[in-house]
Amino acid sequence: MQKFFFLLAVILLVGGTVNAQKYFTRAGKVTFTSEAPVEKIEAVNQSATAILDTESSRMEFAILIKAFQFEKALMQEHFNENYMESSTYPKATFKGQIDDATAVNWGKDGSYPVTVSGDMTIHGVTQKLTAPGTITIKEGSIAAQSTFTVAVADYGIEIPSVVAENIAKEVTIAVDVQLAQLNK
Amino acid sequence: MKNIIKYGLLLAVIGAGIGVYLWNKPHENMDRAKTDVQISAGELFTAFAENEAQANEIYLDKVIAVTGKVREVSKSPEGLVKVTLDSGDEMFGVICQLDELSEHQRTEFQPGESVMLKGKCTGMLMDVVLVRCVEVK
C-alpha cells in the first residue's frame, strides 16, 4: 500500500511527461532550533524523505517527528509528548514547488537561489508556507538547502506560560538534502 | 518547630535533587533497554504497509529487536550509520539508524548477512525507521 502511494506520488509529480526527472533521498537532514531568552534547544532528524521533480519543479518532504534526537532526554520527551503529540501526529510533511521554474537550469552545474511555496503540515495542522532556499547542482546530483522559521502557535502547539522563557515562539527549521536520481 | 524547619529543608533538598536529576536525565541505555517486541523486518514492514495507523499504535516508541538480511549500509558525512534490512519489498525496507550515544562492537555490515538490531520505532515514511539501534548478539 505504501509503495502504491509512493508510486502515485511519483506519477502525480511527473504530471504526465515522459522525460521527467525525479530525484529522491531517504536520508535528508532536518534541524530544529528554538532560541529563547533562557535556553537554546536543538534537535536533529537524519531520515527525512524528499522527492523532487525537475520537470515540474514540484517537491515533497516528509519526516518522522519521533526521529528527532535531542541532547537532553527530558526535552525530547516533552517535545514528543507535550508539544508535538507525536504518537497522534507521527509525521510532518511539506508539499510544494519552486515559485519561479526558470530560476534553475537543471542541466548546468551551479548554485541557484530559489523560493519555494506550498503546504506545510505539522501537528495535524496545514498552513501555507513560503521559504527561501538554494538548489545546488553538481555532476548529476542535486542538493537543496533551506532555512526558515515557523510560529508554533500557527500549528496549534501551545507553550505553557511557565516555560514561555525557555521555548521560542518561532522556531528555526533548517533543511539539507542530497538527492540522487530515481531509477524507477 | 525546629523539626519542621529541618524536615522542610530536607524536602527542599530532595526536591531540588529530583529536579536536577530529571533535567540531566540521560537518554535510555539502548544496550540495556528491555526489548518490547522481537519481529522480522518483513513482518514489521508488512504491518506498517497494510495498516499504518494500527501499526503505529502497536510499535511507535517501542524497543524493537528486528531480524533480517542487510540490504544496504550507508554512512553520512557526520558518521551516522544506517543499516537497511530487506523487507521483501522491492524498493523499501526497515532502516535502522545506529545509536550515536552507544559504543558499537562494529559499524561495518555486509549486504546479505543476517543480523538482529534493537532500536526505537519512529514510524513509517516509505521505509520503517528505527533510531538509536544497537546490534543484538
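Modeller: We need one term to begin. A polar contact is a pair of N or O atoms within 3.5 Å; within protein, one atom must be able to donate a hydrogen and the other to accept it. Keep in mind that this is a predicted model.

Our stretch is strand E1 of chain A, residues 22-35. Start at A:Thr25, which lies in that strand. The side chain of A:Thr25 reaches the backbone oxygen of A:Gln178 at 3.5 Å. A polar atom of that side chain also lies 3.0 Å from the backbone nitrogen of A:Ala27. Is A:Thr25 buried or exposed? Its relative accessible area is 9%, so A:Thr25 counts as buried, since buried means under 20%.

Now look at what surrounds A:Thr25. Leave out residues up to four places away in sequence.

Step along to A:Arg26. A:Arg26 is also in strand E1 of chain A. A:Arg26 is partly exposed, at 23% relative accessible area. Its side chain meets that of B:Asp127 in a salt bridge, 3.0 Å from N to O. This pair crosses between chains. B:Asp127 sits in the loop between E5 and E6 of chain B. B:Asp127 is buried, with a relative accessible area of 2%.

Go on to A:Lys29. A:Lys29 forms a salt bridge with B:Glu78, and the closest N and O atoms are 2.6 Å apart. A:Lys29 lies in strand E1 of chain A and B:Glu78 in the loop between strand E2 (63-75) and strand E3 (81-85) of chain B, so this pair joins two chains. A:Lys29 is partly exposed, at 25%. B:Glu78 counts as partly exposed too, at 47% relative accessibility.

A:Glu77 is partly exposed, with a relative accessible area of 29%.

How many salt bridges are there between chain B and chain A? The count is 5. Over all chains, the structure holds 12. Away from the pairs above, B:Arg106, B:Glu113, B:Glu135 and B:Lys137 are linked in a salt-bridge network.

Step back to the whole interface. On it, 32 residues of chain B are in contact with 33 residues of chain A. The size of an interface is often given as the accessible area lost when the parts come together. Here the buried area is about 2,900 Å², and carbon and sulfur atoms give 58% of that area. B:Trp23, B:Met91 and B:Leu125 supply 24% of the area that chain B buries against chain A, more than any other three residues.

Polar contacts return here. Between chain B and chain A, 11 residue pairs are in polar contact. Several elements of chain B give two or more residues to the side that touches chain A, including helix H1 (2-23), helix H3 (52-59) and strand E6 (128-135). E5(B) gives the largest share, 4 residues. By class, this side of chain B has 15 nonpolar, 7 polar and 10 charged residues.

Last, the setting of our strand. Chain A has 2 helices and 9 strands. Along the sequence, they follow the pattern α-β-β-β-β-α-β-β-β-β-β. Of the 184 residues of chain A, 49% count as buried. In soluble globular proteins, nonpolar side chains tend to be buried together. The largest nonpolar core has 44 residues. Among the members that touch the most others are A:Phe32, A:Leu129 and A:Ile135. Apart from that core lies another, of 33 residues, with A:Leu182, B:Val37, B:Cys96 and B:Cys133 among them.

A:Arg26 pairs with B:Asp127, and A:Lys29 pairs with B:Glu78.

Conventions: Residues are numbered from 1 along each chain as its sequence is written. Chains are lettered from A and ligands numbered from 1 in the order in which they are written. This is a predicted model: local features need pLDDT of at least 70, side-chain atom pairs count only at pLDDT 80 or more; totals for chains, interfaces and linings use all residues. Side-chain values use heavy atoms; hydrogens and water are left out. Contact means heavy atoms within 4.5 Å. Buried area is the accessible area (1.4 Å probe) that two parts lose on being put together, summed over both. A salt bridge is a side-chain nitrogen of Lys or Arg within 4 Å of a carboxyl oxygen of Asp or Glu. Ala, Val, Leu, Ile, Met, Phe, Trp, Tyr, Cys and Pro count as nonpolar, Asp, Glu, Lys and Arg as charged, and the others, Gly among them, as polar. A nonpolar core is a set of buried Ala, Val, Leu, Ile, Met, Phe, Trp, Tyr and Cys residues joined through side-chain atoms within 4.5 Å. Buried means under 20% relative accessible area, exposed over 50%, partly exposed in between (1.4 Å probe, protein chains only).
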